[in-house]
Amino acid sequence: MSPSISGSEAILNSTTPVEGDDVGVFNIAFVGAGNVIFGSNEGPWNHSLRLERKLKHRLRIVAIVDPDLNRASGVLAQKRSSRAEVAYRDTKLFATLEELASQIISQKRLQAIFVGCPPRFRGSDLPGLDTELNLMRLFPGTPLFVEKPVATGPVERSLIVAKTIKDTNTLCSVGYMLRYLQAVQKMKEIIKENHLRVMATTARYVAAYDRITQTHWWNKANSCGPIVEQATHFCDLSRYFGGEVDHTTVQAASVEFYEDAGQLGAMPFDENEVIPATERIPRATTAFWKYETGAIGALTHVVALHGGEYACDFEVYADGFLLKLVDPYNSPELRVRRPGVEKETVYTFVDDDPFYSEASNFINAVAGDKRMSGDARILSSYEDACKTYGFTWAIREASENSRKIPSGVM
C-alpha cells in the first residue's frame, strides 16, 4: 500500500489511446487482474493506464491471465467501455499460463509481459510459486516487468529465479518506481558532480492506515508485514544511495499490537476476528545498519496516521551536503544544503509520475529505443531487487528477535 500521487489521473486520461492502424502494434500480456495492473482508489498504481499513455493506439493487450476469471472479465469490460477500447478489443482471458501459451501460435506476438499477481505466487522455484520461471519456459526471451516485492518466500529461492533470468538473458525490470523520480535522479546528479561519498542515509515512512481495508495487508502470513511489503521502497532507496548493506550490523526494534503504544483506534475492521495474534503486523519499526562502505543508515516505519495522506521523506548526508527528498508520493520536492550556503535550495517537480517513467523506460528498452523516444535505462534489475528483498527481511527478523512477548499473548 502507498499514498497517491496527485494529478496522475488527469495526466493519464488526456493521453489515452485512440483508434489507429495496426502498423507497429505493441502486444502485451498481463499476469494478474488486480489493483497493481488496473488500479484502485487506495493508491496511484495502475500499469494499464501508464501503458495506454505511453503506447497510445499502438497498444494491444493480447491477454489477461488470472484464475479469478470473473474479476478479469469485470476489468476487461471497463476497459472496453473506455477511450482505450481499441487496446482491449481482442483481449483474451485465461485462467493459467499454460492456457495462454497454447493460444499463442507465434512467440513474436508477445513483446512483453507485466507480472502483477500477488508476490506469494512468484519469486521461487517451488511449484505453484514459480510464475517467472514458468513464463521463461513458456515464452522464452519475452521481456518481463515484475512488481515488487519479488516474493514472500525465502530469499534463496528468489536468487534462483534471478540467476535464471540472468543466464537466459531475459530483459527484466522490477517496479521500484521511486528510483525513477526526477528528484531522485537529481540527487544522484549532485552526488556525482560533487564527487561526494555518502556518509549516512535516513528514511521515514509514516502510513495512514484507516483506509487500508484489505485484511491480507495486516496479516504477515500473506503480506510479510509492512517492512517487506511497504517500506521496501525506502529500503531500496537506501541501497540505491548507500550501497550494499552489511546484514550482520542490522538492528531493529518494533512496537507491537499487544503494547500500549501499539493500540490503534481507527482500525477498518476487527483485527481480533480475522488476524491470528502471531501474524499481526508491527505498528512501528525502527532499524539502523552499516553499509559495506562504512556509511550508516536508518529507517523508521510507522502505521499511525488517519486519512489519505502519508508522511514520507528520505535524507542523504555527505561532507558539506544534505539532500532531503520530501513527499515523494504526492508532490516530490528536493531540498539541498551545500557548503558555504546554509539556506536550502529547493527543487520542485511538477506532474512527475515515476510509475509512468518506469513503464516508459521498460518499453523503450524492449523496443531497443529505435521507435521510442526517451530514456531506456532499467534502474532496478531482478537481481538487484532480490538484494532489497533480502535487506527487508533482515530488518523484519531483527525486530522480531528483539521483541519481549508477554506470556499468553501469542
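Modeller: Tyr-205, Phe-234, Tyr-240, Phe-241, Tyr-310, Phe-314 and Tyr-329 are joined into a cluster by ring pairs. Rings of Phe, Tyr and Trp (its six-membered ring) pair if their centres lie within 6.5 Å; planes under 30 degrees apart are stacked, over 60 edge-to-face, and the rest tilted. Please keep in mind that this is a predicted model, where local features need pLDDT of at least 70 and side-chain atom pairs count only at pLDDT 80 or more, while totals for chains, interfaces and linings use all residues. Numbering runs from 1 along each chain as its sequence is written, and side-chain values use heavy atoms, with hydrogens and water left out.

In total, the structure holds 18 aromatic pairs. One of them joins Phe-145 and Phe-362 edge-to-face, at 5.7 Å centre to centre and 65° between the planes. Phe-145 sits in strand β5 (residues 144-146) and Phe-362 in helix α14, so this pair ties together parts 217 residues apart in sequence. Helices (H or I, at least four residues) and strands (E, at least two) are DSSP runs, numbered from the N terminus. Phe-145 and Phe-362 are both buried, a word that stands for under 20% relative accessible area, with exposed over 50% and partly exposed in between (1.4 Å probe, protein chains only). Tyr-209 and Trp-218 form another edge-to-face pair, at 6.1 Å centre to centre and 85° between the planes; here too, both residues are buried.

α14 (residues 354-366) packs on helix α3 (residues 47-55) at an angle of about 55°, with the axes 9 Å apart. Axes are lines fitted to C-alpha atoms, for helices over the stretch in contact, and angles run from 0 to 180 degrees between N-to-C directions. α3 and α14 are therefore oblique to each other, the label for what remains once under 35 degrees is called roughly parallel, over 145 roughly antiparallel and 65 to 115 roughly perpendicular. From α3, His-47, Arg-50, Leu-51, Arg-53, Lys-54 and Leu-55 make the contact, and from α14, Phe-355, Tyr-356, Glu-358, Ala-359, Ser-360, Ile-363 and Asn-364; contact means heavy atoms within 4.5 Å. By class, the contact of α3 with α14 comprises six nonpolar, three polar and four charged residues.

α3 itself is mostly covered, with nine of its nine residues buried. Charged side chains are included there, among them Arg-50, Glu-52, Arg-53 and Lys-54. At 40% relative accessibility, Lys-56 counts as partly exposed. Asp-327, in the loop between β12 (321-326) and β13 (333-338), likewise has a positive phi near 50°. Its relative accessible area of 22% makes Asp-327 partly exposed. Most residues other than glycine have a negative phi, and most peptide bonds are trans.

Back at β5, the loop between β5 and α8 holds Pro-149, and the peptide bond from Lys-148 to Pro-149 is cis, with omega near -20°. In helix α8 (residues 155-167) we find Ser-158, which is buried at a relative accessible area of 0%. Leaving aside residues up to four places away in sequence, Ser-158 touches Gly-123, Val-150, Ala-151, Tyr-382, Cys-386 and Tyr-389. Helix α7 (residues 131-138) is mostly covered too, with seven of its eight residues buried. Those buried residues pack against β1 (26-31), α6 (97-103), β4 (112-115), β5, α8 and α15.

That brings us to α15 (residues 382-401), whose axis comes within 9 Å of that of helix α12 (residues 232-242), crossing at roughly 115°. α12 is therefore roughly perpendicular to α15. Thr-232, Cys-235, Asp-236 and Arg-239 of α12 meet Asp-384, Lys-387, Thr-388, Phe-391, Thr-392 and Ile-395 of α15. The contact of α12 with α15 divides into three nonpolar, three polar and four charged residues; Ala, Val, Leu, Ile, Met, Phe, Trp, Tyr, Cys and Pro count as nonpolar, Asp, Glu, Lys and Arg as charged, and the others, Gly among them, as polar.
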